[in-house]
Amino acid sequence: MSMERKIVECVPNFSEGRNMGIIKQITDEITRVKGVKLLDVDPGEATNRTVVTFVGDPESVTEAAFQAVKKAGQLIDMRQHHGAHPRMGATDVCPLIPVAGITLEECAELARQLAERIANEVNIPCYCYEAAALKPERKNLAVCRAGEYEALPEKLAEADKAPDYGARPYDEGVARTGCTAVGARDFLIAVNFNLNSTSTRRANAIAFDVREKGRPVREGNPITGKIVKDEHGNNVMRPGTLKGTKAIGWYIDEYKIAQVSMNITNINATPLHVAFDEVCRCAQNRGIRVTGTEIVGLMPKRCLIDAGRYFLEKQQRSTGIPEDDLINIAIHSMGLDDLKPFDPQEKVIEMMLDADNNTGNKLVDLTVTGFADETSRESPAPGGGSISAYMGALAASLGTMVANLSSHKPGWDDRWNEFSQWADKGQQLKTELLHLVDEDTDAFNRIMAAFGLPKKTDEDKAARTAAIQEATLFATQVPLHTMQASFKAFEICRAMVETGNPNSVTDAGVGALAARAAVLGAGMNVKINAAGLHDRTTAEKLIAEANELVARANAEEAAITALVEDKIK
């Protein structure tokens, strides 16, 4: 049962930037797909091109992309298209971009499947580019688009230049739709670093220091000297310090400051916080300070989480703190609110999706009093399973608290990383168990929904029975997952009793008590739900695992309680 959501971004470019009616019909196809959020529609009149951005789970995003490409192929006639931007099709490019829970390689495979489907079902030939490229040279989009739309008759006639999917002789259909490049690439972050200077020249110098391309090598004077050429007549470049970055310096009249404007094209090679620190270093070498950072557009949450951890580690502080705290550290460390307030809910993709999906019905979003009140009502959920998961979360939280207190204890500075690692483990466990609080209630609701299915015909009855069994199995697996996760809290609590801040030993002891209650409580739910399974082999296997966890939990809690009593004495 994976907790982390898979989120993919798609940024198709359509060869229409003037007729908003056509653009609206295309974006309507995207918004019609459940599980997708349309983030931006950016039409350009001069380019006659519209850049659309949307996000969601992989299946929904690829479906929305397919429907948008299909509609664009119906509405845009490339024989009539003229614009300033290179293009070769009604949908010119369609990249898939990993945001969370999914790798670039997985997005590349999705892109190939999408390209094949477009070619087979809509008859639009497709090239695969960047990470999805099937030929090494086609990693470069310019190679796929060479000659643009006008070169398609010639390219379709040559085997080595033909599209990867849907290759055929040039015909009226291709003349109308052109070809589409479907690919996968890393997330691009557009960021500006604010300087306490108005000098564009100084900002450019810093940009050249850091950008991957660097600056031209010159003879004599490094500013005005003659540029050195190689044997092919190309400029000899001295690379900058940051891989996967492009940067220039400019002056922003609105803010009355110069900025280093950067595109980070590979956030794995150069994370945002690394770029920030390096720009700060190069600026300082030139007598300039970076006063803050401006994010243009949106960003994945991990950029802020990783930055928060990075700056805490530099301070030799525990990184095992809640996500909101890590994000707050990142905002203040990089001055993201220097020019205007920085609201993560409006800048972080995952948080925007959460805001859309949050109907206010999550148990974990209730106050402590609200949770107790909701439990006490006559409705059967939340019940013992959700309460068990919450007790497990509290067990992990208590162990984590002791780890964080120990990490910051005066005189224990040399052990900060040891306790930080325990706190990180505890935070992950807490998050997992909080997810299971609502998962358990959802499992119960699935059973109720299955029982509510029609049972008029034999087919109805068979489908209803299958749905009940499937829901019952899920409702048995969820509390078993709660047991497994809650049991992991013992390791943290025991370590904190044995090696943590002695003033907090009873907190870790209470954590062990909560962990035992969580394991035993969830175990009861495993057994009562397993009783309804027709597959007795599976049922007995689940019950046996639950019984083993109960026995081990009893032993762990007894041992940790004894250790606590010894420490108190």
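1. Setting aside neighbours within four places in sequence, Glu294 is in contact with Ala190, Val191, Asn192, Asn194, Tyr255, Gln259, Leu339 and Lys340 (contact means heavy atoms within 4.5 Å). Bear in mind that this is a predicted model, where local features need pLDDT of at least 70 and side-chain atom pairs count only at pLDDT 80 or more, while totals for chains, interfaces and linings use all residues. Residues are numbered from 1 along each chain as its sequence is written, and side-chain values use heavy atoms, with hydrogens and water left out.

2. Where does Glu294 sit? Its place is in strand E13, residues 290–296 (strands, E, are DSSP runs of at least two residues and helices, H or I, of at least four, numbered from the N terminus). Glu294 is buried, at a relative accessible area of 12%; buried means under 20% relative accessible area, exposed over 50%, and partly exposed in between, with a 1.4 Å probe and protein chains only. The side chains of Glu294 and Gln259 are joined by a polar contact of 3.0 Å (a pair of N or O atoms within 3.5 Å; within protein, one must be able to donate a hydrogen and the other to accept it, and residues adjacent in sequence count only if both atoms are side-chain atoms).

3. On to the cores. In the largest nonpolar core, which has 54 residues, Leu429, Leu480, Met483, Phe490, Met496 and Val519 touch the most other members. Such a core is a set of buried Ala, Val, Leu, Ile, Met, Phe, Trp, Tyr and Cys residues joined through side-chain atoms within 4.5 Å. At least two residues of this core come from each of H14 (384–407), H15 (416–451), H16 (458–499), H17 (505–530) and H18 (536–568), with H16 giving the largest share, 16 residues.

4. Beyond its neighbours within four places in sequence, Met496 is in contact with Gly399, Val402, Ala403, Phe419, Trp422 and Ala508. There is also a second, separate core of 53 residues; Val8, Ala65, Cys107 and Tyr127 are among them.

5. Why call strand E4 (residues 49–56) largely enclosed by the rest of the structure? Because seven of its eight residues are buried.

6. Who pairs with E4? Strand E3 (residues 36–44) does, antiparallel over eight bridges (pairing takes at least two DSSP bridges between two strands). E3 and E4 form a hairpin with four residues between them, and Asn48 in the turn has a positive phi of about 50°. Strand E1 (residues 7–10) pairs with E4 antiparallel over three bridges, and Cys10 has Phe54 as its bridge partner in E4. Strand E2 (residues 13–14) runs antiparallel to E4, joined by two bridges, with Phe14 opposite Thr50.
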